[in-house]
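Thanks for coming, everyone. Please have the model up on your screens.

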Amino acid sequence: MRFISVIAVVAIGAGLFGSCRSTKKIQQVISKKDTTELVIVHMNQNQQPDSLAHLFSVMRGMYGHHIDYTTFSAKVKVDYSNQQGHQPDFTAFIHMKKDSIIWIDISGPLGIGGFRALITPDTIRVLDKQNNTYTVHPLSYLQDVAEVPFDFKSLQDLLVGNLIFFDSTRITSYRQGSNSIFLLSTGDVYKNLVTLANNGLRVMHSKLDDADPTRNRTADLTYDDYATQGGIAFATTRSILVSEKTRVDIELNFKQFDFNKPLEYPFNVPRKYRVVR
């Protein structure tokens with residue numbers, strides 16, 4: 001079930017992508033420790049118009065990098081470490097049809113077959129090629145394992161590199177430095193401190209902290225080594241660090257990627273495979 005474990009770990013950092021709506025209100029609702037690091041932006045009668053206009057400009061620039069597509073494919077080298085130490089590296093081949101199918105084929109060292117998954121908006125199907133088993137779960141199973149409310153769109157956005165767990169209607173503060181811009185969104189599940197590059201407003205880092213003070217979940221997502229294809233800026237290197245009681249590190253190195261090309265999603269269950277429920 002390593003495939004399920006990895007997807008569940010990735011899903012911990014996943015959430016509903018903040019839609020490209022205009023910011024309706026800005027509230028001072030961040031914690032005291034955040035106020036020492038960020039300049040609070042208030043929306044009231046004393047608000048400086050230039051400051052608010054600048055925030056809107058930053059938001060437009062950031063969402064201008066949102067990746068829209070019909071299909072997406074990639075070859076990804078995955079490094080994975082948990083409390084037991086570094087786990088064997090593997091390669092994942094991904095085919096996605098937006099809002100319809102996520103197909104993932106995982107192979108281990110020397111091309112040894114591992115897992116194949118077909119994920120739809122309501123179901124996840126997994127073939128374990130080593131143990132000759134076939135498993136079917138509702139998509140909510142990943143949510144239960146990861147203990148994070150996410151959906152199919154969230155998983156798509158995470159894989160393609162779109163910003164996650166960011167609510168554009170609940171921005172509470174921002175700060176502009178010499179090389180970076182910092183935006184803080186406070187949602188129901190996570191507070192998300194996003195770092196944008198001053199030059200181009202691309203997402204460089206996202207730090208998620210649990211909004212529930214009784215929990216101590218945190219996740220760091222780093223986006224790096226951007227490459228441009230067909231006008232789309234794509235982060236070819238990603239780092240995901242998730243910790244609560246234990247720590248998990250995932251490194252994604254995209255060796256190949258393509259958008260909007262015809263794809264196939266082969267998924268046949270051999271007769272010899274045993275169904276696992």
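Let me start with a definition. A charge sits over a ring if NZ of Lys or CZ of Arg is within 6 Å of the ring centre and within 35 degrees of the ring normal. Keep that in mind; I'll come back to it. And a reminder: this is a predicted model.

First, the overview. The protein has 277 residues, and 49% of them are buried. Its secondary structure comes to five helices and 14 strands. Take the contacts with a separation of 6 or more: 52% of them are between residues 24 or more positions apart. The accessible surface is about 13,800 Å², with 49% of that belonging to carbon and sulfur atoms.

Now the strands. Look at S13, residues 247-259. Which strands pair with S13? One is S1, residues 71-82, antiparallel, over ten bridges. Within that pairing, Lys 75 stands opposite Gln 256. Another is S12, residues 232-243, also antiparallel, over seven bridges. There, Leu 241 has Asp 249 as its bridge partner. A hairpin of three residues takes the chain from S12 to S13.

On to the rings. The whole structure holds eight aromatic pairs. Take Tyr 69 and Phe 259. Their ring centres are 6.4 Å apart and their planes are at 55 degrees, so this pair is tilted. Tilted covers the range between the 30 degrees of stacked and the 60 of edge-to-face. Where do the two residues sit in the chain? Tyr 69 is in the loop between helix H3 and S1, and Phe 259 is in S13, 190 residues apart. Both are buried.

Next pair: Phe 72 and Phe 234. Here the centres are 5.7 Å apart and the planes are at 45 degrees, so this pair is tilted too. Phe 72 belongs to S1 and Phe 234 to S12, 162 residues apart. Buried or exposed? Phe 72 is buried, at 0% relative accessible area. Phe 234 is buried as well, at 0%.

These rings belong to a cluster. Ring pairs link Tyr 69, Phe 72, Phe 234, Phe 254, Phe 257 and Phe 259.

Back to the charges. What sits over the ring of Tyr 69? The charged end of Lys 98, 5.7 Å from the ring centre. Phe 234 has a charge over its face too: Arg 238, at 5.0 Å from the ring centre.

That's the tour. Happy to take questions.

Technical notes
Residues are numbered from 1 along each chain as its sequence is written. This is a predicted model: local features need pLDDT of at least 70, side-chain atom pairs count only at pLDDT 80 or more; totals for chains, interfaces and linings use all residues. Side-chain values use heavy atoms; hydrogens and water are left out. Helices (H or I, at least four residues) and strands (E, at least two) are DSSP runs, numbered from the N terminus. Buried means under 20% relative accessible area, exposed over 50%, partly exposed in between (1.4 Å probe, protein chains only). Contact means heavy atoms within 4.5 Å. Accessible areas come from the Shrake-Rupley method with a 1.4 Å probe; for residues, only the protein chains shown count as cover. Two strands pair if DSSP finds at least two bridges between them. Rings of Phe, Tyr and Trp (its six-membered ring) pair if their centres lie within 6.5 Å; planes under 30 degrees apart count as stacked, over 60 as edge-to-face and the rest as tilted.
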